[in-house]
Amino acid sequence: MRLILLGPPGAGKGTQAGFITSAFGIPQISTGDMLRAAVKAGTPLGCAAKEVMDSGHLVSDDITIALVTERLKAPDCANGYLFDGFPRTIPQADAMKDAAVPIEYVLEIDVPAEAIIERMSGRRVHLASGRTYHVKFNPPKVEGKDDVTGEDLIQRDDDKEETVRKRLAVYHEQTEPLIAYYVTWAATGNPRAPKYVSVNGLGNVDQVRVACLAALGA
């Protein structure tokens, strides 16, 4: 199983990626993790990436694709892999296609923007323990207080509505066009084109898990 997982921030991709990788016995490949590992290992690509990052620039798509193709040679990728958070842009998708990285499925977890804003902006956290709540879906017994210690809950900056809206705007501008890209490629009938499938991400975690695995033929 070789797939790309798409969906807006807050759609639950991380949770579902865990279920999918476990079901198929494949690794989850994140370019951030890959970059950190290559830098730590001091590989030629890692050194090149570190030099770019140290100068305050973004790592080029060429270096990223080279890291991806290197990563796919590892033994744990023999049965496949799941790409999470990559590709993010059309040029990255083109680079993957040019490098002939095999992909069988593009799975989108579709959640409307307003539902994501409600999900993320309602989160509250007890920092000391990491316990999380939601003002609507999992409220604390006493508003704004941790159930165990009675200490204050906070809203992380990442969960503030303004921040969530900005992240969604970046997703819609840069990453959402990938959906049309893969739908159009699949429509050509090219045998290399992955199959595009979309799953409604509005259900509970188990409902979405079942839908994802069914879409992938599991």
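Q: What makes a residue buried, exposed or partly exposed here?
A: Buried means under 20% relative accessible area, exposed means over 50%, and partly exposed lies in between, with a 1.4 Å probe and protein chains only. The model is predicted, so local features need pLDDT of at least 70 and side-chain atom pairs count only at pLDDT 80 or more, while totals for chains, interfaces and linings use all residues. Residues are numbered from 1 along each chain as its sequence is written, and side-chain values use heavy atoms, with hydrogens and water left out.

Q: Why is F83 called buried?
A: Its relative accessible area is 0%, and the limit for a buried residue is the one just stated. F83 is therefore buried. F86 is buried as well.

Q: Why is Y81 counted as buried?
A: Y81 has 3% relative accessibility, and therefore counts as buried.

Q: What makes the pair of Y81 and F83 edge-to-face?
A: Rings of Phe, Tyr and Trp (its six-membered ring) pair if their centres lie within 6.5 Å; planes under 30 degrees apart count as stacked, over 60 as edge-to-face and the rest as tilted. The ring centres of Y81 and F83 are 5.5 Å apart and their planes stand at 65 degrees, so this pair is edge-to-face.

Q: Why is the pair of F83 and F86 called tilted?
A: The centres of these two rings lie 6.2 Å apart with the planes at 55 degrees, so the pair is tilted. Y81, F83 and F86 form one aromatic cluster. A search of the whole structure gives 4 aromatic pairs.

Q: What kind of peptide bond joins F86 and P87?
A: The bond is cis, with omega at about -5 degrees. Most peptide bonds are trans. P87 itself belongs to the loop between β3 (81-84) and α5 (90-98); helices (H or I, at least four residues) and strands (E, at least two) are DSSP runs, numbered from the N terminus.

Q: What is the phi of A100, and where is A100 found?
A: Phi of A100 is near 55 degrees, a positive value in a residue other than glycine. Most residues other than glycine have a negative phi. A100 is found in the loop between α5 and β4 (105-110).

Q: Why does A100 count as partly exposed?
A: Its relative accessibility is 47%, so A100 counts as partly exposed.

Q: How do you know that the buried residues of α2 line one face of the helix?
A: The buried residues of α2 (residues 31-41) are T31, M34, L35 and A38. Seen down the helix axis they fall within an arc of 100 degrees, so they line one face of α2; the arc is that of the directions from the helix axis to the C-beta atoms. An α-helix has 3.6 residues a turn, so residues three or four places apart point the same way.

Q: What does the face of α2 turned away from its buried side carry, and what covers the buried residues?
A: That face carries the exposed residues R36 and K40. The cover over the buried residues includes β2 (28-29), α3 (44-54) and α4 (61-71). Just after α2, G42 takes a positive phi of about 70 degrees.

Q: Why is D62 called exposed?
A: D62 has a relative accessible area of 63%, and is therefore exposed. The place of D62 is in helix α4. The C-alpha atoms of D62 and Q92 are separated by 8.8 Å, although the two are 30 residues apart along the chain.

Q: Why is D146 called buried?
A: A relative accessible area of 3% makes D146 buried. D146 is found in the loop between β6 (131-134) and α7 (161-175). Leaving aside neighbours within four places in sequence, D146 is in contact (heavy atoms within 4.5 Å) with H126, R131, Y133, E151 and L153.

Q: Why is I179 called buried?
A: I179 has a relative accessible area of 13%, and is therefore buried. I179 lies in helix α8 (residues 177-187). Apart from neighbours within four places in sequence, I179 is in contact with L6, E108, Y171 and Y196.
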